[in-house]
Amino acid sequence: VAATTIDGAQLRLWRVPAMPEVTKFFEGQTLYIADGHHRFTTARAYRDEMREKEKPSGLQPYDFLLMGLVPMEDPGFVVFPAHRVLDLPEGLDAETITRKLESAFHVEPAGEDIADRVTNESGCVFGVVLRGGNRLFLRLKESVDRKSLLGDDHGPAWRDLDVAVLHRGILERLLGLPEGAEFVYEPHAPKAVGLVTEGKKDAAFLLKHTRLEQIKACADAREFMPQKSTYIFPKLPSGAVFYRLA
């Protein structure tokens, strides 16, 4: 099967015979779920339900599930950031936002190249685009203690995430947004900025992508990353392969 998916990725799918060497290779290996943790959780729940119902004496089809495995070092494995776009509570104008953020960040005006600057600058940085035309570039101060800013309910791997600094540090603690505030998650910076410049949303917060070593570090530490910390590309299209349940 050969096809081009809706997001422009070229897909080629073919069958190979069962190879014992593959099973042997994966003995003792650790698999990291980059995408699909909900499917994994559902598959486990289904397995447990069927085991309780049938009381099997050995392995059954429901003890297995389909997976797509990709080496972390594969150059085609890309992680996009999930920029946050939202409506702000009343009273949070550019001046107020700047004042609230200056306790933990160096804040300076930014230009049209704000998205590229966030991508290319080192360290923990963010871009903010506000309704009305204001654009701010944020850099976390070296003097800031992340445990004090983010709390101690998570470990160092979690606190190392830019998305954790954005959600817990900027949006919740410094700007006072409620924990359950609603966001539009947009992986493409121009679209995120466009939602604000077109007047559809109040603000866009741009961030760098989560690095693969950070994903691995959080998994090794048994830490759940904040919601929508990554946008994995390309996506494996649903329906290319079916797992027959009945």
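Which residue, with a positive phi near 60 degrees, follows α9? The residue that follows α9 is Arg 222, and the legends below return to it in the view of backbone exceptions.

**Overview. The chain as a whole.** The structure is a predicted model, in which local features need pLDDT of at least 70 and side-chain atom pairs count only at pLDDT 80 or more, while totals for chains, interfaces and linings use all residues. Residues are numbered from 1 along each chain as its sequence is written, and side-chain values use heavy atoms, with hydrogens and water left out. The chain holds nine helices and ten strands, these being DSSP runs numbered from the N terminus (helices: H or I, at least four residues; strands: E, at least two). Its C-alpha atoms fill a box of roughly 65 × 40 × 30 Å along the principal axes. Of the 246 residues, 35% are buried, where buried means under 20% relative accessible area, exposed means over 50%, and partly exposed lies in between (1.4 Å probe, protein chains only). Among contacts between residues at least 6 apart in sequence, 68% join residues at least 24 apart, a contact being heavy atoms within 4.5 Å.

**View 1. Helix α9 and its buried side.** In helix α9, which spans residues 212–220, the buried residues are Leu 212, Gln 214, Ile 215 and Cys 218. These residues lie on the same side of α9 because they cover an arc of only 165 degrees around the axis, the arc being that of the directions from the helix axis to the C-beta atoms. An α-helix has 3.6 residues a turn, so residues three or four places apart point the same way. The cover over the buried residues of α9 includes β3 (78–80) and α6 (156–159).

**View 2. Strand β6 between its two partners.** Strand β6, residues 125–130, is mostly covered, with six of its six residues buried. Val 125, Gly 127 and Val 129 point one way from the strand, whereas Phe 126, Val 128 and Leu 130 point the other way. Strand β6 is joined to β7 (residues 135–140) by five bridges in an antiparallel arrangement, and Val 128 stands opposite Leu 136 of β7; two strands are said to pair if DSSP finds at least two bridges between them. The hairpin of β6 and β7 has four residues between the strands, and within this hairpin Gly 132 takes a positive phi near 105 degrees. Strand β6 also pairs with β9 (residues 203–207), again in the antiparallel sense and over five bridges, with Ala 203 of β9 as the bridge partner of Leu 130.

**View 3. The second largest pocket.** This pocket has a volume of about 1200 Å³, and the elements that give two or more residues to its lining are α2 (37–54), β8 (184–186) and α9. A pocket is here an open set of points on a 1 Å grid over the protein atoms alone, where a 1.4 Å probe fits, with protein on both sides within 12 Å along at least five of seven lines, and lining residues have an atom within 4 Å of a point. Grid points are joined across faces, edges and corners, and the volume is the space filled by probe spheres set on the points. The lining comprises 32 residues, of which Ile 33, Ala 34, His 37, Phe 224 and Met 225 lie nearest the pocket's centre. The largest share of the lining, six residues, comes from α2.

**View 4. Backbone exceptions.** Most residues other than glycine have a negative phi, and most peptide bonds are trans. Arg 222, in the loop between α9 and β10, has a positive phi of about 60 degrees although it is not a glycine, and at 70% relative accessibility it counts as exposed. Lys 55, in the loop between α2 and β3, has a positive phi near 50 degrees and is exposed, with a relative accessible area of 57%. The peptide bond from Phe 233 to Pro 234 is cis, with omega near 0 degrees, and Pro 234 is found in the segment after β10 (231–233).

**View 5. Thr 5 and Gln 10.** Thr 5, in the loop between β1 (2–4) and β2 (10–12), is buried, with a relative accessible area of 18%. Leaving aside neighbours within four places in sequence, Thr 5 is in contact with Leu 11 and Pro 237. Gln 10, in strand β2, is exposed, with a relative accessible area of 75%. The C-alpha atoms of Gln 10 and Pro 234 are separated by 9.3 Å, although these residues are 224 residues apart along the chain.
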